[in-house]
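Biologist: I have a model open and I'd like to learn how to read its features. Can we go through them one by one?

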Amino acid sequence: MKLIVTGAAGFIGSCFVRMMLSEGMAAKAVVVDSLTYAGNLENLTPVAGHPGFTFEHANICDEARMLALFEAERPDAVVHFAAESHVDRSIHSPAPVIQTNFVGTFSLLEAARRAGVPRFVHISTDEVYGSIPEPFDADENYPVRASSPYSASKAGSDLLALSYFTTYKMNVSVTRASNNYGPYQFPEKLIPLMISNALEDKPLPVYGDGRQVRDWLFVEDHCRAIYTVLQNGRPGEVYNIGGNCSLPNLDVIHRILKATGKPESLITWVQDRPGHDRRYALTNEKLSRETGWAPRMDFDYGLAMTVDWYKNNQGWVERVKSGEYHKFYDLNYANRAT
Ligand SMILES: NC(=O)c1ccc[n+]([C@@H]2O[C@H](COP(=O)([O-])OP(=O)(O)OC[C@H]3O[C@@H](n4cnc5c(N)ncnc54)[C@H](O)[C@@H]3O)[C@@H](O)[C@H]2O)c1
C-alpha cells in the first residue's frame, strides 16, 4: 500500500509513519509537511533510511502542488494529520488555524477528488463535541458544539470531508480521537509540558481548578485505530477513538510528579483558559463493534514509558523548543525536499 501522509513530521503522524513502514503495513509513505514549529523531521529518523520513505516539504494549502503530487504519486490513500493543533495558540492567533485546518483540508479534498485518490482518512478530535455533561459519553451522533477556534476549525473540516462523500461519492472516513500522549509530543500540550517542566524543576502551570476531565489515549493505540479505519472503515462514516481512561487534569499531574519523583510544590495555579471545556468523554463502541479494535495501553504504564522517553531525550526537547531541528533538516534532508 502506498500512502500520502500529511503532517507526519508532528507527533501523531510521525508515529503513524514509523509504524506503517517499520511494521510493513505500508510499502511506501510520502510525508507532506510544511515544518511549522511543531514539525520536526527528527521524529522520522527511525524510518528516514527506509526505501519507501519520501519527504515533500510543502504546505497543504497549496492545492496545485497537492494535485500535482497526487497525480504523480497515485497513492492508494491520503491520511490527513496536518493541522495547527494547539488550543491556546488558536485562541491567541486563530488565522493560521482556520487557514491550515479548514482551508488546507479543503485543498487536499479538492486535489484528491480531481486526482481520483481512492481513499481519504481525515484525522479529527473529540473536541468537536465540546464540553460533555456527566454522565454522557459522546457517540458519533452527538451534536457538534465546538468551543475554541481550534475545535471549530476541526468541526468545519470534518463536515467538509463528509460532504465530499455525500456530494462526490469520495471514499472518505473521519476519525475523532481523544487526548493523545506518548513520545515525541511537542512540550506545549499538558502531559509533555508537565513532564519536561518537572524534569527541569520548573513550575507546573495548572489552569483553573485543574478538575477538567479528559480521556487519555496512547499514541500507538491511536495509530493502530487509524490503520484499522483506513482498511475497514466505511465510507462517509465518523469513528470515535478513545483510550477508555477518563481523568481530571490534576490527577494526571499528580501521577507525573510521582513518576518523576518531584514535589507537589511545583504545582502553580494559573487563570483558566477562556472557553475551557470542562469534560470530554466519548465512546469507542462503534469502532470496536465494527472492527474489533480496542485500546491496549494501561495509562500508568504508558505514562511511565513516556516519562522515561522524555528523561532520555532531553536533547530532543531542547532542540524542538529552540528550533534547532531546522539545522537538522538542512543537513540531512535538503536533498530529499522538493
Ligand atoms: N494531539 C492530540 O491529542 C490530538 C487528539 C485528537 C486529534 N488530533 C489531531 O491529530 C492530528 C495530528 O495532531 P498532532 O498532535 O500530531 O499535531 P502536531 O502539532 O504535533 O503536528 C502537526 C503537523 O502538521 C504540520 N503542519 C501544520 N500546518 C501545515 C500545513 N499548512 N501544511 C503542511 N503541514 C502542516 C506541522 O509542521 C506538524 O508536523 C491533528 O489533525 C489534530 O487535530 C490530535
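Modeller: Helices (H or I, at least four residues) and strands (E, at least two) are DSSP runs, numbered from the N terminus. Here, α4 and α5 make a right-handed crossing. Keep in mind that this is a predicted model, where local features need pLDDT of at least 70, side-chain atom pairs count only at pLDDT 80 or more, and totals for chains, interfaces and linings use all residues. Residues are numbered from 1 along each chain as its sequence is written, and side-chain values use heavy atoms, with hydrogens and water left out.

Biologist: At what angle do the axes of α4 and α5 cross?

Modeller: Axes are lines fitted to C-alpha atoms, for helices over the stretch in contact, and angles run from 0 to 180 degrees between N-to-C directions. For α4 (residues 94-115) and α5 (residues 149-168) the crossing is roughly 15 degrees, and the axes come within 9 Å. Angles under 35 degrees count as roughly parallel, over 145 as roughly antiparallel, 65 to 115 as roughly perpendicular and the rest as oblique. α4 and α5 are therefore roughly parallel to each other.

Biologist: Which residues make the contact of α4 with α5?

Modeller: Contact means heavy atoms within 4.5 Å. Among them are Phe102, Phe106 and Leu109 of α4, and Leu160, Ala161 and Tyr164 of α5.

Biologist: And how do I read an aromatic pair?

Modeller: Rings of Phe, Tyr and Trp (its six-membered ring) pair if their centres lie within 6.5 Å; planes under 30 degrees apart count as stacked, over 60 as edge-to-face and the rest as tilted. This structure holds 12 such pairs. One of them, Tyr181 with Trp216, is edge-to-face, at 6.4 Å centre to centre and 75 degrees between the planes. Tyr181 sits in strand β7 and Trp216 in strand β9, 35 residues apart.

Biologist: Which element has the lowest mean pLDDT?

Modeller: pLDDT is the predictor's confidence in each residue, from 0 to 100. Helix α12 (residues 325-333) has the lowest mean, 46, while strand β4 has the highest, 99. The chain averages 95.

Technical notes: A crossing is left-handed if the near helix is turned anticlockwise from the far one by less than a right angle, and right-handed if clockwise.
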